[in-house]
Amino acid sequence: MPVTVRLADTSAFEGWREKARMALQRDIPPDKILWRYPEADLDLFHAAENQTFEGEVVRDVRLKASSLPLLKDVLCHSSAERFALAYRLLWRLQSDPNLLSVVTDQDVAQARRMVHQVRRAAHKMTAFVRFREQGTSETGRRRFLSWFEPDHHVLEKVSSFFAGRFADMDWMILTPRGSLRWDGETVHCSFEPCEKQVLDDDVDQLWQTYYASTFNPARVRTKAMRNEMPRRYWHNLPEANLIPHLVAQAEKRVAEMAAQEALPAPKFYQALQNRQKAVPAAVPIAGSWADLKQQIRTCQACSLHCHATQAVLGEGPETAKIMLVGEQPGDQEDLAGRPFVGPAGSLLKECMAEAGVEPQALYMTNAVKHFRFTTRGRRRIHQTPGAEHVQACQPWLRQEIALVRPQLVVTLGATALRAVAGPTAQLKDFRGLMREDAQGGHRHLSLAHPSWILRLGPTEQAEQERQRLIEGLRKMQTAL
């Protein structure tokens with residue numbers, strides 16, 4: 001014959017835990033227990049007599065501490081099956097301590113669904129409770145009252161949140177499942193159901209005005225609104241009577257906003273846009289290397305100087321026969337203030353060694369002098385410079401070429417190629433070809449950038465491209 005276990009209330013974990021431990025100690029299987037608690041048509045919180053179990057203790061009860069949160073949340077659910085399910089899990093955990101990690105198990109899956117619903121209900125309660133002021137207490141503290149209708153027994157679960165968030169006032173939250181009360185020191189939780197309250201105060205009108213004025217019709221997503229704020233909560237929110245009208249007028253208001261956006265911009269903004277699009281003023285020709293380096297260090301021709309550590313100058317013999325032009329400094333170059341000291345520079349120098357090229361004999365620089373990047377956590381990730389950055393740095397590159405007077409300019413990658421050969425130049429058309437630069441009085445050779453080879457990873461294509469770069473460097477060496 002099944003053992004009937006009576007509980008004094010509908011959600012207290014400790015009461016269930018005590019009875020469950022007693023049943024487990026006496027080796028009573030789940031199918032032999034009938035869990036009962038007061039029905040809705042009776043006194044919900046009638047003090048039932050403690051259930052006594054016949055027989056002696058036959059075994060110890062063992063449970064991992066990590067399993068307790070799930071069992072507690074299961075018992076917060078409003079389903080009548082919660083007590084039986086929790087005991088069934090507790091029974092099975094005695095022989096299989098890792099049961100809760102088996103997500104395909106029927107009992108575990110049901111418990112996880114219930115836990116998800118309970119935690120969602122707790123989140124909704126912390127989000128949608130609205131307090132109304134009810135005067136002051138005898139100690140002079142302001143008093144507030146709220147009515148809310150949670151889907152599950154989450155009062156104890158959310159009590160610490162409200163105590164921490166609203167510690168500077170006295171408040172009470174009434175619900176059909178019980179109430180919470182804070183007196184400035186302690187949270188008092190009662191499971192006695194409360195009668196429905198219709199609350200209002202002088203702040204409601206002010207809040208509705210604020211809500212309507214900040215409502216953004218362009219971001220209305222009715223499905224998302226219903227998911228985040230289900231209709232069953234609307235009647236307890238002061239702004240609820242505004243929502244249907246605001247949603248209905250959203251499309252019209254968006255059209256009005258779009259029409260206003262199409263009007264001509266004020267003269268101030270037009271002048272600002274024109275100034276941003278203006279071609280940079282001509283840069284004075286540097287009379288010496290010292291002047292050029294100072295101009296590059298203090299350059300503010302584009303926005304890159306705002307975020308980079310420093311401008312990275314070219315490096316090498318000032319009368320070098322070969323000038324090597326890369327794209328821009330990388331992360332390590334930006335920190336060190338020197339070109340080609342990062343991973344791509346290391347690969348380039350390895351290829352130079354195999355090609356028989358002495359790096360010290362080359363003048364090495366970049367088309368763009370500041371590091372362009374985006375942040376990802378603490379890392380700075382390379383971003384390809386834009387056409388405006390290449391244009392802003394072009395005077396410095398031209399003056400470097402004019403001061404060095406190289407016989408051969410070797411560009412690495414598409415950005416460097418466009419800085420030397422023009423914005424329409426394509427790497428696929430120039431790569432590996434030696435051509436004469438009539439305006440500069442030197443020859444030009446275009447190769448792939450070693451950073452692109454690194455991005456290919458440890459692949460066969462990467463090795464092929466590496467050998468192709470070495471061949472290009474040998475061609476560069478023999479061209480003089």
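Modeller: A definition before we start: buried means under 20% relative accessible area, exposed means over 50%, and partly exposed is in between (1.4 Å probe, protein chains only). Helices (H or I, at least four residues) and strands (E, at least two) are DSSP runs, numbered from the N terminus. This is a predicted model, where local features need pLDDT of at least 70, side-chain atom pairs count only at pLDDT 80 or more, and totals for chains, interfaces and linings use all residues. Residues are numbered from 1 along each chain as its sequence is written, and side-chain values use heavy atoms, with hydrogens and water left out.

Colleague: OK, helix α15 then. Which of its residues are buried?

Modeller: In α15 (residues 414-421), those are Thr415, Ala416, Leu417, Ala419 and Val420.

Colleague: And what covers them?

Modeller: The cover includes β8, α14 (387-404), β12 (408-412), α16 (427-430), β13 (434-437) and β14 (442-447). Just after the helix, Gly422 has a positive phi of about 115°.

Colleague: Switching topic: how many salt bridges does the structure hold?

Modeller: There are 14, counting a side-chain nitrogen of Lys or Arg within 4 Å of a carboxyl oxygen of Asp or Glu. One of them joins Asp334 to Arg380, with the closest N and O atoms 2.8 Å apart. Asp334 sits in helix α12 and Arg380 in strand β11 (residues 379-382), so this pair ties together parts 46 residues apart in sequence.

Colleague: Is Asp334 buried or exposed?

Modeller: Asp334 is buried, at a relative accessible area of 0%. Arg380 is partly exposed, at 22%.

Colleague: Now the inside. How many residues are in the largest nonpolar core?

Modeller: That core has 26 residues, and Trp16, Trp35, Leu70, Leu71, Val74, Tyr87 and Leu89 have the most contacts inside it. By nonpolar core I mean a set of buried Ala, Val, Leu, Ile, Met, Phe, Trp, Tyr and Cys residues joined through side-chain atoms within 4.5 Å. Two or more residues each come from α1 (13-25), β2 (33-36), α2 (68-75), α3 and α4. The largest share, 7 residues, is from α3.

Colleague: What does Leu70 touch?

Modeller: Leaving out residues up to four places away in sequence, Leu70 touches Leu89, Leu100, Ala111 and Val115. Contact here means heavy atoms within 4.5 Å. Another core lies apart from the largest one, with 25 residues, among them Ile296, Val325, Leu397 and Val409.

Colleague: One last thing: which residues line the largest cavity?

Modeller: Its lining is Cys299, Ala301, Cys302, His305, Lys369, His370, Cys393 and Trp396. A cavity is a set of points, on a 1 Å grid over the protein atoms alone, where a 1.4 Å probe fits but cannot get out, and lining residues have an atom within 4 Å of a point.

Conventions
On a 1 Å grid over the protein atoms alone, a cavity is a set of points where a 1.4 Å probe fits but cannot get out, and a pocket is an open set with protein on both sides within 12 Å along at least five of seven lines; lining residues have an atom within 4 Å of a point.
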